[in-house]
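Thanks for coming. I will go through one structure this morning, starting with how its chains are arranged and then moving to some local details.

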Number of protein chains: 2
Amino acid sequence: MAGDLPGGPSDAAEPDGFPRRRGPGRPAGRRSGAADTRRLILDAARSEFARAGYAGTSVRGIARTAGVDPALVHHYFGPKESVFVAALDLPFDPDSLVPDVLAGGPDEMGERLARYFFALWEDPEIQPRLLALLRTVLSGDAAAGVISDFMTTELVRRLARELDAPDALLRANLCGAQLMGLAFTRYVLCMEPVASTDVDTLVASVGPTLQRYLCGD
Amino acid sequence: MAGDLPGGPSDAAEPDGFPRRRGPGRPAGRRSGAADTRRLILDAARSEFARAGYAGTSVRGIARTAGVDPALVHHYFGPKESVFVAALDLPFDPDSLVPDVLAGGPDEMGERLARYFFALWEDPEIQPRLLALLRTVLSGDAAAGVISDFMTTELVRRLARELDAPDALLRANLCGAQLMGLAFTRYVLCMEPVASTDVDTLVASVGPTLQRYLCGD
């Protein structure tokens, strides 16, 4: 999807504070009409999410800002969460992450979540995009709130719904806190020895923590 | 100690990127000679830590920059780690934190660490200072590296030494990652439900995680 996010005014200015993937882009004169429309919609989406927050933004509002029909937003991107994933070039989609973690039953859910987390972060294509995202969250500005709203609404709540426990939201949120601290220690601060410990050892350390948060007493 | 860090040029500019406590300060004309010397030493310390990192800074170097005898630095503040605690107005001292957590044996070490963490963060006098510190760490600039070096050297290593396990450094580092993620989720992002969950519930959730990191298989 990000290949359709060419360089341009929004790439240079980033007035909304969201990270973007820098790419070579195509020369302006050779853009197709569809690519132009997608770009218009994604620019409008970033501006709407930054202005109104994740919860306060609608596909209809994005379409209005982009000057297109809401059906076209749906056609290109699907529901609001998918517009968000595309606009921020997120390297994971709640639609696939949550079922992947849940698949196979509750017994090794914590380990699966830990493996999923490291599979994303250790991928050299994906890591820079996650770092940009994490730095935005850490910055504490308006975009940080939008991303954390998205995480709460689409990841934490969805995971919580599947867990079917009275305190499921707290359980999912505690997993998020553990993983965020780990990402920050290993990939941003590069603190040793966590930064250079092999993934299997870290999964063995952190997997049971996530398992207890998700399914423990 | 922080009462002796009056407002002044360094308060306004913060060229080294370290957070400082803002206070009313005393009028310049009424400063004592001792307070002036302490201020000189703390300003020199911040500048040296920012320039050379925690490991690369010595009491001798701080004294040279301040234009005083090293013995005077020792007299006012003690060893390097105590100069750092004073210069950054840290609300905790590794000298007391580590023994407090370890006192009482290994059985409830995780819960004691969690309680210590929340006792600091929930104190309305201390929370703003910890927030300033965390924001500095999150900023990723030079001061962040200095603080994380200090944490590694003086907190993680000291805790690891007392744990007396071959992977003690990793164990202590994992505790730090968990606590950092928790602080960020609850106090910076204010993500729910972690942000409004009572401390006893959080200690009951996170204490066993820290216990396993510190003393588990």
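Before the symmetry, one definition: copies are superposed by least squares on the C-alpha atoms of residues with pLDDT of at least 70 in both. And please keep in mind that this is a predicted model.

With that in hand, chain B superposes on chain A by a rotation of 180°, with 0.0 Å of shift along the axis and an RMSD of 0.0 Å. The two copies are thus related as by a two-fold rotation axis. Which residue of chain B comes closest to that rotation axis? That is B:G181, with its C-alpha at 1.8 Å. As for the interface, 100% of the interface residues of chain B are also interface residues in chain A, so the copies meet through the same surface.

The crossing of α11(A) past α10(B) is right-handed. On the α11(A) side, the residues that meet α10(B) are A:T201, A:L202, A:S205, A:V206, A:T209 and A:Y213, and their partners in α10(B) are B:L170, B:L174 and B:Q178. Sorted by class, this contact has five nonpolar, four polar and no charged residues.

Staying with α11 of chain A, this helix also holds A:Q211. How far apart are A:Q211 and A:E108 in sequence and in space? They are 103 residues apart in sequence, and 6.9 Å apart in space, C-alpha to C-alpha. Leaving aside neighbours within four places in sequence, A:Q211 is in contact with A:P106, A:D107, A:E108, A:M109, A:G110 and A:G216.

Next, a helix pair inside chain A. Helices α2, residues 33-52, and α3, residues 59-66, pack at an angle of about 120°, and their axes are 8 Å apart. That makes α2(A) oblique to α3(A). Here too there is a right-handed crossing, of α2(A) past α3(A). From α2(A), the contact takes in A:L40, A:I41, A:A44, A:A45, A:S47, A:E48 and A:F49, which meet A:G61, A:I62, A:T65 and A:A66 in α3(A). By class, the contact of α2(A) with α3(A) has seven nonpolar residues, three polar and one charged.

On to aromatic rings. The count over all chains is 18 aromatic pairs. One of them is A:F117 with A:W121: the ring centres are 6.4 Å apart and the planes are at 50°, so the pair is tilted. Both residues sit in helix α7 of chain A, residues 109-121, four residues apart, which is about one turn of the helix.

Last, some backbone details. Most residues other than glycine have a negative phi, and most peptide bonds are trans. In chain A, the bond joining A:E192 and A:P193 is cis, with omega about 5°, and A:P193 lies in the loop between α10 and α11. In chain B, the bond from B:E192 to B:P193 is cis as well, with omega near 5°; B:P193 is in the loop between α10 and α11 of that chain. B:D89 is not a glycine, yet has a positive phi of about 55°. B:D89 sits in the loop between α5 (80-87) and α6 (94-102) of chain B.

That is what I have for today.

Methods:
Residues numbered from 1 in each chain as written. Chains lettered and ligands numbered in written order. Predicted model: local features only at pLDDT ≥ 70, side-chain atom pairs only at ≥ 80, totals over all residues. Heavy atoms only, no water. Left-handed = near helix turned anticlockwise from the far one by under 90°. Helix = DSSP H or I, 4+ residues; strand = E, 2+ residues; numbered from the N terminus. Contact = heavy atoms within 4.5 Å. Nonpolar A, V, L, I, M, F, W, Y, C, P; charged D, E, K, R; others polar. Phe/Tyr/Trp six-rings, centres within 6.5 Å; stacked < 30°, edge-to-face > 60°. Axes fitted to C-alpha atoms, helices over the stretch in contact; angles between N-to-C directions. Parallel < 35°, antiparallel > 145°, perpendicular 65-115°, else oblique.
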